[in-house]
Amino acid sequence: MTSRGWRGIAAIAIACVATFLPATSSSAEDMAGDWTVVGRAEDPCGKMNPIRYGYYSFGDDRGWGWSKMYFKHGVTAMNVWRGTMTDSCGTPDVPGSTTWIYRSKLVYEVYQNGQWEEVDSVITRAINQRAQFNGERKGLITLYCEGYMGPCPAWVNQVIGGSRVEMRRGGLAVGKDDQEASRVTSQPAPALDPAPESVHVPAVMGAAKGGRATAVLARLEAQVRKLTYGLTPTLVELRQSDPNTVEIIYTYPGYDGLIGLRRDVSVESPNVDPNSRVYALAANENNPEEVATMLRVDLEAPPPVDLLKKDQAGVAWWGTTQTD
C-alpha cells in the first residue's frame, strides 16, 4: 500500500463521520442522490477519485456512493474506502470502460504468544465510475466485501481506531502492550479470474414489448460479453415484464436456488438544478448504458438475503416491488 493509503487519514475519516451522515431515500424524486463530495482519494497512478453522499433505499436495495457503502455493506470507516482506492491503480471492467474496479485484501491479526496471528481476512471491492461531465466525476458506486452475504465483518471498520491506535504503513495496530492487541493490515488482492473464452448470456425475452427495458437489457448483455473477468453470478434468464421493467434470474455462489432481480428502469428526474456543475452527471443516470452498469453492479454484489421473497415458481426476488 502506498503512503497515501492508510497513513495519516484516521483523523480525516473521523472528522468526516462527525460532519456528514449518509443519505437514505424512499422517494422516487430522490433517486438521483446527493452529489455532495465527502472525500477524495488519489490512486498510485495519479487518478483522483471522489466519494459522494449518493443515497440508499432500503426497500428495493438501490443506491450508490457512501450511503450504499455505509448502510448496505456496513463499511462505516472512510479509511476502508481510501485504502482500497489507494492500494492499486484499478482496472476497467471492460476494455475502454469508464467503470473501474479497485480491490484490496485486508487481514485481521491479533498479537498473542509473542507474534501476530491471522484471524480473518476479506477482499474489499470498490466500483468506481470515472466518466467525466463538466469536469465532474460520479466516483464511488459501491464498496463491499467479496463473498459476504450481508455487511462486511465488524473488524473491517477497526481501521478507524481509537486513541490507542497507531497509524503505520501497511495497516493499523494497537500497541503490543495492550492485553488484546490487534491490527488490520493490507495486502495486494489476488487477481480476478479471467473471463472464460465463451460467455453464456441468455437471450432477452419479451423484447417485442420494446421500451427502455429492451435498451437496458441489450446493453447489459453486451457488457457481460466484454467483461475482462468472470462474472460472479450465473445468468439464467433476461426478460422484461413491461416496457420499463427488467427481470433478471440468476444463481449466486453460496445461495441455494434461483434469485430474481426486478428493476424499474423508467427515466427519473435528475432532481438537480440545471445550472449546477453536477447536472450533467445526474442526467447521465438515465443513460441506458449507465442503468445497465448499475444493474450489473447489483448482480455482482452479494444478494440482500433479508429482502428475498420467493414466488410460486421458487424464484427468490428482490428489487422493485411487483405491481398488478
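**View 1. The lining of the second largest cavity.** Asp93, Thr99, Ile101, Arg125, Ile127, Tyr229, Arg296, Val297 and Glu300 line the second largest cavity. Strand 5 (99-112), strand 6 (115-133) and helix 6 each give two or more residues to this lining. This is a predicted model, in which local features need pLDDT of at least 70 and side-chain atom pairs count only at pLDDT 80 or more, while totals for chains, interfaces and linings use all residues. Residues are numbered from 1 along each chain as its sequence is written, and side-chain values use heavy atoms, with hydrogens and water left out. A cavity here is a set of points, on a 1 Å grid over the protein atoms alone, where a 1.4 Å probe fits but cannot get out; lining residues have an atom within 4 Å of a point.

**View 2. Helix 6 beside the second largest cavity.** With three residues, helix 6 gives the most to this lining. Helices (H or I, at least four residues) and strands (E, at least two) are DSSP runs, numbered from the N terminus. The space in the second largest cavity is about 40 Å³, a volume being the space filled by probe spheres set on the points, which are joined across faces, edges and corners.

**View 3. Elements around the largest cavity.** Strand 3 (62-64), strand 14 (259-264) and helix 6 (288-300) each supply at least two lining residues. Helix 6 has the largest share, five residues.

How values were computed
On a 1 Å grid over the protein atoms alone, a cavity is a set of points where a 1.4 Å probe fits but cannot get out, and a pocket is an open set with protein on both sides within 12 Å along at least five of seven lines; lining residues have an atom within 4 Å of a point.
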